[in-house]
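Please read each point with the sequence and the model in view.

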Amino acid sequence: MKKKILHGRHTPVVAELVFLKYKELDDMLKVIIYSSQSMLGVIPMLYHINHGSKNVLFIQTGTIGNATIHYIVQNGEPPKKFIQLKRLSGDYTYVEGIGTDAQSLYVPILELEKSTLEFPL
């Protein structure tokens, strides 16, 4: 587990990153559905990065000092720029943009060029 010391106003805080690797994308997307239904209604961002010649999709949950990185390694790049995620069933499809289905979340796939995260592939 990688730890980084962050200096707060009064005492240093040790940041812990927990990495959770999923077998299937639909399982990881359930985290987005669950997060959107929480009291805060915060929807994690979905990122894509080519890391060590692997295509990694990931989201981050938690806060500084206690973050969880949920990720999956895929064979290829995402075919489109958004994922339409059905809130009730968890079914998903790749789409080009935001649609009009009120029962769906439209999650953008943000392309990263670089990250300080070291994924345990």
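1. The chain contains one helix and eight strands. Read from the N terminus, the order of these elements is β-β-α-β-β-β-β-β-β. The model is a predicted one, and the points below should be read with that in mind.

2. Of its 121 residues, 34% are buried.

3. Strand S3, residues 46-51, has two pairings to note. With strand S8, residues 104-111, strand S3 pairs in the parallel sense over three bridges; here Leu46 has Ile109 of S8 as its bridge partner. With S4, strand S3 runs antiparallel, and five bridges join the two.

4. The hairpin of S3 and S4 deserves a close look. Two residues stand between its strands, and Gly52 takes a positive phi near 60°. Ser53 also lies in the loop between S3 and S4. Although Ser53 is not a glycine, its phi is positive, at about 60°. Is Ser53 buried or exposed? Ser53 counts as exposed because its relative accessibility is 65%, and the cut-off for that class is over 50%.

5. Thr61 is found in strand S4. Its relative accessible area is 18%, so Thr61 is buried, the limit for that class being under 20%. Which side chain makes a polar contact with the side chain of Thr61? The partner is His70, at 2.9 Å. When neighbours within four places in sequence are left aside, Thr61 is in contact with Val31, Ser35, Pro44, Asn66, Ala67, Thr68 and His70.

6. Strand S4 gives the most, with four residues.

7. What classes of residue make up the lining of the second largest pocket? Seven of the lining residues are nonpolar and six are polar, while none is charged.

8. Ile43 is found in the loop between H1 and S3. At 37% relative accessibility, Ile43 counts as partly exposed, since that class lies between the 20% and 50% limits. Ile43 and Val31 are twelve residues apart in sequence, and their C-alpha atoms are 9.1 Å apart in space. Not counting residues up to four places away in sequence, Ile43 touches Ile32, Ser36 and Leu105.

9. A second hairpin is formed by S6 and S7. Strand S6 and strand S7 (residues 92-95) pair in the antiparallel sense over four bridges, and Phe82 stands opposite Val95 in S7. Five residues lie between the strands of this hairpin, where Gly90 takes a positive phi near 85°.

10. Gln84 is found in strand S6, which covers residues 82-86. Is Gln84 buried or exposed? Gln84 counts as buried because its relative accessibility is 14%, and the class requires a value under 20%. Its side chain has a polar contact of 3.1 Å with the side chain of Ser104. A further polar contact, of 3.3 Å, joins the side chains of Gln84 and Tyr106.

11. The surroundings of Gln84 complete this picture. Not counting residues up to four places away in sequence, Gln84 touches Asp91, Tyr92, Thr93, Val95, Asp101, Ser104, Leu105 and Tyr106.

Key
Residues numbered from 1 in each chain as written. Predicted model: local features only at pLDDT ≥ 70, side-chain atom pairs only at ≥ 80, totals over all residues. Heavy atoms only, no water. Nonpolar A, V, L, I, M, F, W, Y, C, P; charged D, E, K, R; others polar. Buried < 20%, exposed > 50% of the residue type's maximum accessible area, 1.4 Å probe, protein only. Polar contact = N/O pair within 3.5 Å; in protein donor to acceptor, adjacent residues only side chain to side chain. Contact = heavy atoms within 4.5 Å. Pairing = 2+ DSSP bridges.
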